[in-house]
Amino acid sequence: MAKALVFIDNPGAALKKSSLELLTIARSLGDAVVAFNGELHDDVAAALGAHGASALYRPSATDLDDYLVAPKAAYLAAAVAASGAQTVLLENTADGKEIAARLGVKLNAGVITDVVGVDADGTAHKSVLAGSYTTTAKARTAVAVLTVKPNSVDVEAPAAASTPEAVTIDVPADATANAARVTGRAEKPASGRPELTEARIVVAGGRGVDGDFGPLEELADALGGALGASRAATDAGWIGHDYQVGQTGKTVSPQLYISAGISGAIQQKAGMQTSKVIVAINKDAESPIFEIADFGIIGDLFKVVPQATEEIKKRKG
């Protein structure tokens with residue numbers, strides 16, 4: 001039976017939705033096994049079994065996070081050899097794509113990034129050209145390495161939970177891989193909102209907010225969504241760069257994306273065009289954002305957004 005290896009890296013006390021999506025894809029390809037890094041909490045172990053993981057690989061080394069991503073790629077290569085997996089699935093993050101690239105070199109494997117769907121035969125559907133097109137690709141190598149965008153598939157769990165077999169993997173020592181050490185970390189203050197790339201609802205603002213994200217924050221909180229921004233807004237210093245959605249920022253694919261005061265230039269579209277439903281609010285009827293919007297409102301966001309927030313609060317009641 002074919003095997004698909006899912007890499008789960010430091011999930012904390014609970015698995016992220018994107019990890020559950022990878023497990024769903026893995027089971028559609030065959031036997032789902034997990035290469036895990038980090039502290040394994042009881043709830044995480046239970047979730048892995050509930051979502052069909054048959055084996056749980058963990059590194060013998062406990063210091064993988066003390067270095068950059070090279071040791072993690074070495075660990076994954078060893079996990080692939082031990083499991084016999086034909087497919088490796090990672091999150092489509094900056095680290096995930098770099099690990100995938102290094103793993104591809106180690107295994108002489110085909111690497112496909114920006115994946116938004118995977119067929120049962122391993123054919124990957126890939127978002128290209130700033131999200132303007134979706135193409136299909138399939139690695140012709142013995143092992144395929146795929147990085148999958150979040151919110152690409154619906155999470156499904158098998159009817160019966162499993163108990164993953166625990167396996168320890170020796171990570172080969174590599175002086176080059178361990179040459180650069182992480183000397184410190186600073187935890188990002190919690191906002192109370194979902195992670196931008198994981199959120200099912202995103203409310204984003206651009207140049208049109210003129211420095212005032214207050215109304216958008218209220219709308220995002222009313223919807224239980226995340227806050228995003230265009231490059232123009234982050235470059236102006238109105239909001240941090242970690243909120244940026246776009247070609248040089250984060251890529252999101254929520255169920256609902258609300259764009260307020262954003263023109264919709266190609267750089268912005270690249271980061272949100274695969275959203276399921278796009279609602280655009282802009283005073284300029286000629287803004288490019290309306291070309292891809294499912295619903296458009298031509299108006300002043302400072303009038304439209306507060307009215308929407310008030311109505312949502314009434315309905316939630």
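I take a salt bridge to be a side-chain nitrogen of Lys or Arg within 4 Å of a carboxyl oxygen of Asp or Glu. The model I am reading is predicted, and for local features I need pLDDT of at least 70, for side-chain atom pairs pLDDT 80 or more, while totals for chains, interfaces and linings use all residues. Residues are numbered from 1 along each chain as its sequence is written, and side-chain values use heavy atoms, with hydrogens and water left out.

**Entry: salt bridges**

I looked up the salt bridges and found 14 in the structure. One of them joins the side chains of Lys 17 and Glu 21, at 2.4 Å from N to O; both residues lie in helix H1, four residues apart, about one turn of the helix. Helices here are DSSP runs of H or I with at least four residues, strands are runs of E with at least two, and both are numbered from the N terminus. For accessibility I call a residue buried under 20% relative accessible area, exposed over 50% and partly exposed in between, using a 1.4 Å probe and protein chains only. Glu 21 is then buried, because its relative accessibility is 3%, whereas Lys 17 is partly exposed at 25%.

I then turned to the bridge between Lys 72 and Asp 9, which is 2.7 Å from N to O. Lys 72 lies in helix H3 and Asp 9 in strand S1, so this pair ties together parts that are 63 residues apart in sequence. Lys 72 is buried at 8% relative accessibility, and Asp 9 is partly exposed at 28%. I also noted that Asp 9, Asp 65 and Lys 72 are linked in a network of salt bridges.

A further bridge joins the side chains of Glu 91 and Lys 16, at 3.2 Å from N to O. This pair links distant parts of the chain, with Glu 91 in strand S4 and Lys 16 in the loop between S1 and H1, 75 residues apart. Glu 91 is buried, with a relative accessible area of 17%, while Lys 16 is partly exposed, with 35%.

**Entry: the aromatic pair**

I count rings of Phe, Tyr and Trp (its six-membered ring) as a pair if their centres lie within 6.5 Å, and call planes under 30 degrees apart stacked, over 60 edge-to-face and the rest tilted. The structure holds one such pair. The rings of Phe 7 and Tyr 75 have centres 6.4 Å apart and planes at 70 degrees, so I record the pair as edge-to-face.

**Entry: nonpolar cores**

A nonpolar core is a set of buried Ala, Val, Leu, Ile, Met, Phe, Trp, Tyr and Cys residues joined through side-chain atoms within 4.5 Å. Which members of the largest core touch the most other members? I found that, of its 27 residues, these are Leu 5, Tyr 75, Leu 76, Val 88 and Leu 90. The elements giving two or more residues to this core are S1, S2, S3, H3, strand S4 (87–91) and helix H4 (94–107), and H3 gives the most, with eight residues. A second, separate core has 25 residues, among them Leu 15, Leu 56, Val 118 and Ala 124.

**Entry: helix H2**

In helix H2 (residues 42–50), I find Val 44, Leu 48 and Gly 49 buried. Seen down the helix axis, the buried residues fall within an arc of 135 degrees, so they line one face of H2; the arc is that of the directions from the axis to the C-beta atoms. On the other side of H2, Asp 42, Asp 43 and Ala 46 are exposed. The buried residues pack against strand S1 (3–9), helix H1 (17–29), strand S2 (31–37) and strand S3 (55–59), where contact means heavy atoms within 4.5 Å.

**Entry: two loop residues**

Gly 12 lies in the loop between S1 and H1 and is partly exposed at 31% relative accessibility. Not counting residues up to four places away in sequence, Gly 12 touches Glu 39, His 41 and Val 44.

Ser 152 sits in the loop between strand S8 (144–148) and strand S9 (165–169) and is buried at 19% relative accessibility. Leaving aside neighbours within four places in sequence, Ser 152 is in contact with Glu 21, Val 115 and Val 116.
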